[in-house]
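Please look at the sequence and the model first, and then read on.

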Amino acid sequence: MKSFRYLEGVATIRVDRQRCVGCSMCLTVCPHRVFTIQEKKAVLVDRDGCMECGACATNCPTEAISVSPGVGCASLIINRWLKGKKIGTGGSCC
Amino acid sequence: MQFLPVAGQEDSPQTQQPDEAGIVELASLAEEESSGEVCCGGPAPSRSTLFEKPGYELKGYVRAFLRKDGDDIPLVKTKLDRKDHRQTLLARLGIIRDDYRVPPGLYGTGSPGADSPVLVTANYKLTFDFVRRELDGIDCWLLVLDTRGINVWCAAGKNTFSTDELVRQVENTRLAGKIEHRRLLIPQLGATGIAAHHVMLKCGFRVVYGPVRIADIGDFLDNDMQATEEMRSVTFTLWERFELIPVELYIFNKKIWWVFPLLFFLGALTPDFLSLADTWRRGLLSSAAIILGCTSGAMIVPLLLPWIPGRSFAFKGALTGLLLGGLLLWVSGAGPVEGTGLLLIFIAISSYLAMNFTGSTPYTSPTGVEKEMKGAIPLQAFALVAGALLWLAGPFI
């Protein structure tokens with residue numbers, strides 16, 4: 001998906017190097033291939049390619065990845081704004 | 001092995017007995033000779049099979065039943081028929097999209113055995129159809145989760161395609177007793193809802209993430225369940241974007257039809273009050289601006305997405321709105337005040353709808369979408385209000 005790039009410098013994803021055991025599960029599940037393994041640890045090589053789907057964090061056995069996951073959908077966010085500004089659970093998309 | 005009909009066993013035709021693999025083909029039952037003389041409408045159709053039970057409906061996509069451990073597991077067709085294609089079209093148009101589902105549970109294709117792979121999918125009929133179509137000539141089990149009739153990716157985001165639902169279906173279908181391996185093949189885009197290590201802990205099955213697109217499943221299975229980088233990457237091709245457009249338009253159309261009579265009513269408010277020519281011209285032009293504004297944001301932007309400059313969708317929409325709106329008003333020869341008003345309305349609509357398309361793309365992050373909305377919505381609202389005022393004031397200036 002190198003042909004589609006969204007806003008830069010906004011993705012909330014972080015990898016905790018200390019916790020990472022290098023199992024490479026995050027590499028497997030990432031639909032935008034933002035990780036690589038260097039010195040037996042997962043490293044972010046394309047942070048701006050991250051769409052914050054949360055697949056990596058969900059499948060990380062040591063909880064080394066943190067991301068505020070969600071769906072990048074304007075109508076979902078509008079619904080949330082209208083119902084009181086809670087981010088996270090609740091609110092339906094399309 | 002246990003057979004259902006006890007009474008009337010002598011009536012039960014020989015072919016309702018399963019073959020060596022335990023499979024009863026429904027087509028062979030239908031071909032059975034019907035008895036009796038020909039009356040109205042030709043010979044009587046074939047008798048009901050024992051799989052047609054009171055209160056249940058036998059689905060057209062079921063080819064046969066596999067009798068195993070006291071369960072009748074439906075084996076599905078890998079070719080779509082005319083009805084499937086018609087329903088796909090209606091679902092794409094958003095007409096039958098909300099409750100278009102198949103019953104969750106265990107299905108199969110070909111002649112699945114103890115070593116056959118188990119593919120996990122969602123119970124949106126469109127998804128189910130696309131999956132079985134790609135399984136032609138492949139013997140496998142199909143474990144359909146109850147995702148409330150929603151596709152894998154969206155259901156994973158809503159947590160209905162989830163670890164708990166997967167474990168529940170594995171247990172409900174008594175899957176462990178039907179196969180010898182302990183592997184579940186999950187579509188990669190379902191990974192958002194599934195925690196592989198939790199699945200292992202809860203039901204002892206190992207999760208293997210398959211390719212993003214079901215079209216790659218044959219190659220993936222042939223390649224010892226190893227996916228290439230290409231199979232693991234999400235795409236957003238012109239055709240994939242095109243398929244999304246009808247729904248974008250349909251959802252919006254439901255909400256705006258009442259605007260048009262209002263526009264003709266407001267169009268009548270000119271110095272020559274209720275002049276038929278003015279009413280007609282102003283009503284028509286403003287309706288055209290709104291319809292084309294919607295087209296610009298919900299159709300042109302999605303189709304031309306990679307070629308329109310800018311990262312933000314609201315910006316892309318505003319840009320196409322400016323160009324197309326400008327073209328419309330130049331061609332129509334609207335006055336400067338009225339024309340500016342309509343152009344602002346055109347841009348606001350196009351920008352707003354383009355921004356809404358973020359929900360249909362596979363690459364926009366929620367943090368990014370929220371950021372662009374905070375900047376764009378006030379501007380869109382301002383353009384809409386200012387545009388409406390200018391359009392109303394136009395004839396009086």
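## A pocket in chain B

A pocket here is an open set of grid points, on a 1 Å grid over the protein atoms alone, with protein on both sides within 12 Å along at least five of seven lines, and its volume is the space filled by probe spheres set on those points. The model to which this is applied is a predicted one. The second largest pocket has a volume of about 830 Å³, and 30 residues line it, with B:Lys53, B:Phe65, B:Asp72, B:Ile73 and B:Pro74 lying nearest its centre.

Strand S2 (62-68), strand S3 (71-76) and strand S4 (105-109) of chain B are the elements that give two or more residues to this lining. Sorted by class, the lining of the second largest pocket divides into 14 nonpolar, 11 charged and five polar residues.

## The interface between the chains

The size of an interface is often given as the accessible area lost when the parts come together. For chain B and chain A, the area buried between them is about 3600 Å², of which 64% is on carbon and sulfur atoms. On the side of chain B, the residues that lose the most area to chain A are B:Arg311, B:Tyr363 and B:Pro366, which together account for 19% of what that side buries. Counted by residue, 43 of chain B are in contact with 38 of chain A.

Between the two chains there are 16 residue pairs in polar contact, both residues being at pLDDT 80 or more. The elements of chain B that give two or more residues to the side touching chain A are helices H6 (196-203), H8 (229-232), H13 (336-356) and H14 (366-393), and the largest share, 10 residues, comes from H14(B). By class, this side of chain B has 20 nonpolar, 13 polar and 10 charged residues.

## Salt bridges

Over all chains the structure holds 22 salt bridges, and the count between chain B and chain A is two. A:Arg33 forms a salt bridge with B:Glu229, where the closest N and O atoms are 2.8 Å apart.

Within chain B, B:Arg132 forms a salt bridge with B:Asp84, with the closest N and O atoms 3.0 Å apart. This pair links distant parts of the chain, since B:Arg132 belongs to helix H3 (residues 125-133) and B:Asp84 to helix H2 (residues 82-92), 48 residues apart.

Notes: Residues numbered from 1 in each chain as written. Chains lettered and ligands numbered in written order. Predicted model: local features only at pLDDT ≥ 70, side-chain atom pairs only at ≥ 80, totals over all residues. Heavy atoms only, no water. Contact = heavy atoms within 4.5 Å. Buried area = accessible area lost by both parts, 1.4 Å probe. Salt bridge = Lys/Arg side-chain N within 4 Å of Asp/Glu carboxyl O. Polar contact = N/O pair within 3.5 Å; in protein donor to acceptor, adjacent residues only side chain to side chain. Helix = DSSP H or I, 4+ residues; strand = E, 2+ residues; numbered from the N terminus. Nonpolar A, V, L, I, M, F, W, Y, C, P; charged D, E, K, R; others polar. 1 Å grid on protein atoms, 1.4 Å probe; cavity = no way out; pocket = protein on both sides within 12 Å on 5 of 7 lines; lining within 4 Å.
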